[in-house]
Amino acid sequence: MLPISLADVERRAGAVLDEGPAGYYAGGAGDERTLRANVAAWAEHELLPRVLVDVSEVTTTTNVLGTEIALPVVVAPVALQRMAHPDGEPGMARAAAGAGTIMTLSTLATSDAAEVARAAPHSPRGYQLYVTRDRGVSQSLVDAAVDHGYRAIVVTVDAPAPGRRERDLRTGFRVPRGLDMPAVTASLGRSSGVTVEDFFSIVDPSFDWSAFERFAADCPLPVLVKGVHAPADASLAVDHGAAAVVVSNHGGRQLDGVPATARLLPRVVEAVDGRAEVLVDGGIRRGSDIAVALALGARTVLLGRPMLWGLALDGEAGARHVLELLRAELTSTLALLGARCPDEVTSDHLVG
């Protein structure tokens, strides 16, 4: 029997992954308070249905930065996907394309931009960038994304150094032998055997707002800022050229004890004040969570860990199943809220 919820997918995936990879994918920083809070905080918001609305036809279709997608879920950038399943990033790209949405390829991917583009040539995709100490490496990654039809660059800004991820320290996690991350190899000369600390040694901790503004101005694609917590930083991001802001605490993997993204989202939306689109990730596990995010002002959500669970369980088909589960849940949630599409979900659909 196929899993009927994301919790089922996670449970089954945990049984097929080895301890090191399972801990790397699932773990957070420190005591994992933020990791847990990300999931719990969506349930702190109560939905308020409106009745006697004609919901005989409900669609989950929406758009982000002018690109139409079949549901308000974008596949987040997640590292080392071939560690979960041989289908890896190409399989994830095909799953996203099959569901009608966008995949975001990670700098720490086990495929390069060209391979993923070949896997799903006609679907929209973005490229997540860690700005590296060697700016030539960063520029080559951006150039490859442009050359292969990626539509946006997502700059992650909340990782100038690695969070202290104790699950990885306990298991002694290192990239398994035989796995290559092209961007890491370009910077370090190898991928096999590297640690999380090795990953982040390539990231430039001096990258600041003035450098971001120059980057955004020179980039031929829209640039999103991912990893925004403070409303003031959201406003600065737009002031310095960001096309969109992603409210994210890196899935609780960086600084433990920061607020859940569901709590951060409303103040960021207020600070941006319609000048750019706001996206959010962290702890989304239900269609009702997506509805809460929309009601709080997000244009769409990004989904990371559940996509990995699906990939680990059944490759491309498993990842596609995760998106279809959420589509079905969101369709039901919209109808029961009295909303015919994601754009009709507003703060009026929340209690208080």
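These notes walk through selected helix contacts, backbone angles and salt bridges in a predicted model.

1. **Helix 1 against helix 14.** Start with helix 1 (residues 6-16) and helix 14 (residues 305-337). Their axes come within 10 Å and cross at roughly 175°. That angle makes helix 1 roughly antiparallel to helix 14, because angles over 145 degrees count as roughly antiparallel.

2. **Who meets whom there.** Helix 1 brings Leu6, Val9, Glu10, Arg12, Ala13 and Val16 to this contact. Sorted by class, the contact has eleven nonpolar, one polar and two charged residues.

3. **Helix 2.** Is helix 2 mostly covered or mostly uncovered? Mostly covered: seven of its eight residues are buried. The buried residues are Gly20, Pro21, Ala22, Gly23, Tyr24, Tyr25 and Ala26. They pack against helix 3, helix 7 (166-171), helix 9 (196-200) and helix 14.

4. **Glu32.** Most residues other than glycine have a negative phi. Glu32 has a positive phi, near 65°. Look for Glu32 in the loop between helix 2 (19-26) and helix 3 (33-42). Its relative accessibility is 12%, so Glu32 counts as buried.

5. **Asp273.** Here too phi is positive in a residue other than glycine, with a value near 55°. Asp273 sits in the loop between helix 12 (261-272) and strand 9 (277-280). Is Asp273 buried or exposed? Exposed, with a relative accessible area of 61%. Glu32, by contrast, is buried.

6. **Lys226 and Asp281.** The whole structure holds 14 salt bridges. One of them pairs the side chains of Lys226 and Asp281, at 3.4 Å from N to O. Lys226 lies in strand 7 (residues 223-228), and Asp281 in the loop between strand 9 and helix 13 (287-295), so the pair ties together parts that are 55 residues apart in sequence. Lys226 is buried, at 7% relative accessibility. Asp281 is buried as well, also at 7%.

7. **Arg275 and Asp239.** These side chains form a salt bridge at 2.8 Å, N to O. Which parts of the chain does this pair link? Arg275 is in the loop between helix 12 and strand 9, while Asp239 is in helix 11 (residues 231-239), 36 residues apart. Arg275 is partly exposed, with a relative accessible area of 41%. Asp239 is partly exposed too, at 46%.

8. **Arg286 and Glu329.** Another salt bridge joins the side chains of Arg286 and Glu329, at 2.9 Å from N to O. Arg286 belongs to the loop between strand 9 and helix 13, and Glu329 to helix 14; they are 43 residues apart. Arg286 counts as partly exposed, at 39% relative accessibility. Glu329 counts as buried, at 16%.

9. **A network.** Which residues are joined by salt bridges that share partners? Arg320, Glu324 and Arg327 form one such network.

Conventions
Residues are numbered from 1 along each chain as its sequence is written. This is a predicted model: local features need pLDDT of at least 70, side-chain atom pairs count only at pLDDT 80 or more; totals for chains, interfaces and linings use all residues. Side-chain values use heavy atoms; hydrogens and water are left out. Axes are lines fitted to C-alpha atoms, for helices over the stretch in contact, and angles run from 0 to 180 degrees between N-to-C directions. Helices (H or I, at least four residues) and strands (E, at least two) are DSSP runs, numbered from the N terminus. Angles under 35 degrees count as roughly parallel, over 145 as roughly antiparallel, 65 to 115 as roughly perpendicular and the rest as oblique. Contact means heavy atoms within 4.5 Å. Ala, Val, Leu, Ile, Met, Phe, Trp, Tyr, Cys and Pro count as nonpolar, Asp, Glu, Lys and Arg as charged, and the others, Gly among them, as polar. Buried means under 20% relative accessible area, exposed over 50%, partly exposed in between (1.4 Å probe, protein chains only). A salt bridge is a side-chain nitrogen of Lys or Arg within 4 Å of a carboxyl oxygen of Asp or Glu.
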